Amino acid sequence: MGTFFGCALGDSAGDVNLMESLTRFRLWLRSVLLRRRMDRDMREEMGSHLEQSVSRLVARGMTAESARRAAGREFGNLDVLQEQARDARGGRWIESVVQDLRFGMRHFARTPLSTVTMVVLLALGIGFNTVLFTVIYSFVSMPPPGIARDASLVRIRGLDRSLVAGRTYARNASYPEYLEYAAQRSVFAAVAAWSASEVALDVGETEAQLLSAAARYVTPNYFEVLGVRPHLGPGLPAAGVGDGSPHVAVISHALWRRHFSRSPDVIGRTVKLNEVPVTIVGVAPPRFLGATTWGTEHRLWLPLYARAAVQRGSASALASHDSAFLGMAARLQPDVSVEQANAVVQAIAARSALGTPRWSAPDAASADVAPMRADNHTPPSGEPPQIAGRVMSLFIPLLILLIPCTNVSALLVGLAIARRREIAVRLSLGAARRRLVRQLLTESVLLSLAAAALGLFVIWIGLKVFAARFPSLALALHPPAFAFAFGIAILTGLLFGVSPALHATRLAVADILKDAAVAVASARSRLQSGLVIGLIAMTQPLLLMMGVFVLEVLGDLRAQPSSPFSDRILDVRFNRDRSTPADEESLMRLQARFSGLPGIETVMLRRTGGWAEVTLSAAGNTAGEAARSLSFSLESAPPGYLEMMGIPVVRGRSFHAADREEEGGIVIGRDLARRVWGTADPIGRRLARVAGTSRATEFVVIGVVDETIAGESDANIQSRAYVADLAGPSRLLIRTRGPASPVAPLIRATAAAEAPQLPLTSATTLAALEASSRRVLLAAASGAIGGGVIALFLSAIGLYAIVAFAVSQRTREIGIRTAMGADPQRVVRMFFLRGLRVSLIGLATGLALSVLAVRAVALSEGEPPVRGLALIAALVVTLVVAVACVATWVPARRAAGIDPLNALRAE
Amino acid sequence: MPGANTPLLQGTLDLIVLQLLQAEPTNGYDLTLRIQAITKDVLNVNAGSLYPALYRLEQRGLIRAAWDETASGRRAKVYSVTASGRRHLASQRETWERFSGALSAILRVT
């Protein structure tokens, strides 16, 4: 009957409108926030009720004393009643949460060291992880800096599959090809194109002040397509304004900042680009570097038609299918998807390729459409190692987070074990198990939140550092990245809080209270030993992988063998897109002219190959040797080059003036020779070219050099070989008698006077070039090194905390032993040895795991394991053992040092 | 005397409180007296049930409370029915009348 009535009540209460819900919410809020006042009100109300009852009874003739008693009897137990009333008001759970929080805080205040350790560990883990995640995420999912994220903004990328079978490379588009894309109005709302060149920029007002800068020759709609407005000035002229008018340019914010001291007067000023006067008509917004970010931050954007004048090219380049020099970006029409655009672009690319002999193979030239991102200027080459590498780079931050997570969980388990007694007391006093679990959970969440808050600070610092180091990366704080990091933090807290909480509350109360039960004690020490072993085993492979990573980066830094004369050699580059016979003639003339200058020892004209990676098959040289592919970079070594660079020829000879590239003479490095032919004489051996851009199809080894001296170095090149000559743009190398840098101005002046049509873009010593490339590498490596150091630091803290904790847990045992007359020194030694044994078991397990991990990394990168692995492994082992030793020794000493009586009372 | 009381049917206390407060806003003590008086001591609602009921109704927004002076010059919390409380009471009364009618009909069956 009651149930029926209750149902009826419930049904009719269902039609509450919005106002009523709001009222209820307000009331709920009041009951939560004004809890104290409402409690006071309630007590006053009930007090007044009692008084009224009393006075009524007195009026009926009772004595005051008996009236009060009767009223009290009638009213019932005031405290119980008030409790019921509070329940009726609702919101009780808030109170218990507050209680839990207060209790948790008290607990943390009692154990400050482990609390701080856990918070710091987690904060560093969360912070570092979020920063790395944000950087990686920004790189793969954000457009280049200064460009707003927009799904309709895409790149059109030229693809070239003609170079090496199975690989795709980027190619530029020709102007006619661009026009064909731009004509697809049903697919693209607008298509912009640009051409990139290096220029010599003269910002001096009265006398020349030369800078090396990057010029982008762009279509009139370039800024509009990228959705960028000039920070200052009107910007580039609209379409239709063509030749004849003076040249104009928009300069990059960095250029404006550094060389025009942010002056607004810069608009209208004239600078010289490759000696051509150009008027500045705008300053690009901060951080904007265009659709491609590589290269210098000193940039200028000019109309496409200015290219012929500034770069000394021919205007007819715009009409030819053969001269491909354009990158492209586009806005899609509203309802067009990237996939649809892709299909259209592919069809056009295939058709436009027909006109040019270079793309005779079907499918050799293609194009695709991809959303505008910072790192997708070049298409993915389709090599599996790169994908694995990318996966690895995503894994490393997760691995770093794993270290503090395991550390914190181990600490929490340890703490929960330590609190078993407290929990048992509370259980025996009648605390509900659920309530206890909730209490422990609250503490864990509290811990994670504190760590997350501190992590925010770490993130802030980390992002600042990254933003300063990588101007070409638009760092954005991504809600998903933050949600990820904080989700992980809370999840860590919950996961690692729940398991010990459940474990601790499941134990038999009596056993723990006695704490004498042998089973419990041994189970506890087993669990703790297991924890220590597990932690050491887990930490080790992570540290090892970090070490390998750092070592690789450091190896790259070190592997920059330079010429012994690097400060005496000037690398002089000229700005040309293609070598014309006239240009070659000018260069020869300059060579002769430079040779006559004072202080100059040698001047060499050297062509650098554009595409210079060659796969060779060493098959058929010695009987029974299987064919194997080798890949190395080909460089030209005109006669005298090796000598000029100071590269020693250890066998055979270097090139003579009579050697031709077609003859296939090749000089290889000692390492390569050893790899292919072992100790046998490599001179006269033949290598067949499988792929590459060399004119020769077969090479004959004529010499072997010591490749530790590489002349012009490039960190990306693993092994190199020299041929007599290559097709490609040439530059001049000048070796001076003394330091080369003072000669540079003279070289510039002479070049400007002798060959004004051939703009000199840079004259830098090899030493300076190497230093700058090392700086770039160091900047890129700092993240990895920082990560490694943080991982090391985290592991050391965690390991110390856990081992020390496990030992200090046995204070009682130490106390008993010393009380029974054991020599403290011996007790310490015993604990030390026991701790060491546990650490060694962990090490052995970890070492096995490490070997597997390193194998996996090597496999995914497709590279042989790094040299120095043994060194890293030894370092890691030493570190782990050292930390474990200190962590065992210190608390054991302390425990043995205290009064046995205190030790016995300790728990 | 309390032994002679008829126990309250579950859920009816809310109805009683709302009905009496709609007739005249008053305080908790007065409410217990009135229930006794009107039901001629058949129903005796003690403070232990009344106050939780009052707070529950207040929390649901069906009644509201304000501090006021009683006739005897004593400060007391006076409860009155809100608009939504009146709507609630009306629907509850209807439900109750239907229910009690049905129950009487059943009890008349012999």
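**Reading the model**

Modeller: Two residues are in contact if their C-beta atoms, placed from the backbone, lie within 7 Å. This is a predicted model, in which local features need pLDDT of at least 70 and side-chain atom pairs count only at pLDDT 80 or more, while totals for chains, interfaces and linings use all residues. Residues are numbered from 1 along each chain as its sequence is written, and chains are lettered from A and ligands numbered from 1 in the order in which they are written.

Colleague: Is B:Lys77 buried or exposed?

Modeller: A residue is buried if 20 or more other C-beta atoms lie within 10 Å of its own, exposed if 12 or fewer, and partly exposed in between. B:Lys77 counts as buried because 21 other C-beta atoms lie within 10 Å. This lysine sits in strand β3 of chain B; helices (H or I, at least four residues) and strands (E, at least two) are DSSP runs, numbered from the N terminus. Its C-alpha atom is 5.5 Å from that of B:Ala66, 11 residues apart along the chain.

Colleague: How many residues of chain B are in contact with chain A?

Modeller: Chain B contributes 23 residues, in contact with 27 of chain A. On the chain B side, α2 (28-38), α3 (47-59), β3 (75-81) and α4 (83-108) each give two or more residues, and α3(B) has the largest share, seven residues.

Colleague: What should I look for in a core?

Modeller: In soluble globular proteins, nonpolar side chains tend to be buried together. A nonpolar core here is a set of buried Ala, Val, Leu, Ile, Met, Phe, Trp, Tyr and Cys residues joined through C-beta atoms within 7 Å. The largest one has 114 residues, and A:Leu302, A:Met328 and A:Ile666 are among those that touch the most other members. Strand β4 (residues 188-202) of chain A supplies the largest share, eight residues. A second, separate core of 21 residues includes B:Tyr51, B:Leu54, B:Ile63 and B:Leu89.

Colleague: Which residues does A:Ile666 contact?

Modeller: Beyond its neighbours within four places in sequence, the contacts of A:Ile666 include A:Leu687, A:Phe699 and A:Tyr722. A:Ile666 also has A:Val723 as its bridge partner in β20(A). Strand β17 (residues 665-669) of chain A and β20(A) run antiparallel, joined by three bridges; strands pair if DSSP finds at least two bridges between them.

Colleague: And how do I read the two faces of a strand?

Modeller: In a regular strand the side chains alternate between the two faces of the sheet. In strand β20 (residues 720-723) of chain A, both faces are covered: A:Arg720 and A:Tyr722 on one side, and A:Ala721 and A:Val723 on the other, are all buried.

Colleague: What is the strand order in the open sheet of four strands?

Modeller: The order is β13-β21-β12-β22 (chain A), with antiparallel pairing. The edge strands, β13 (600-607) and β22 (760-765) of chain A, each pair on one side only. Seven bridges link β13(A) to strand β21 (residues 730-736) of chain A, with A:Arg606 partnered by A:Arg731. Helix α19 (residues 581-595) of chain A packs on the sheet, touching β13 and β21 of chain A, and its direction makes about 165° with that of β13(A). Axes are lines fitted to C-alpha atoms, for helices over the stretch in contact, and angles run from 0 to 180 degrees between N-to-C directions.
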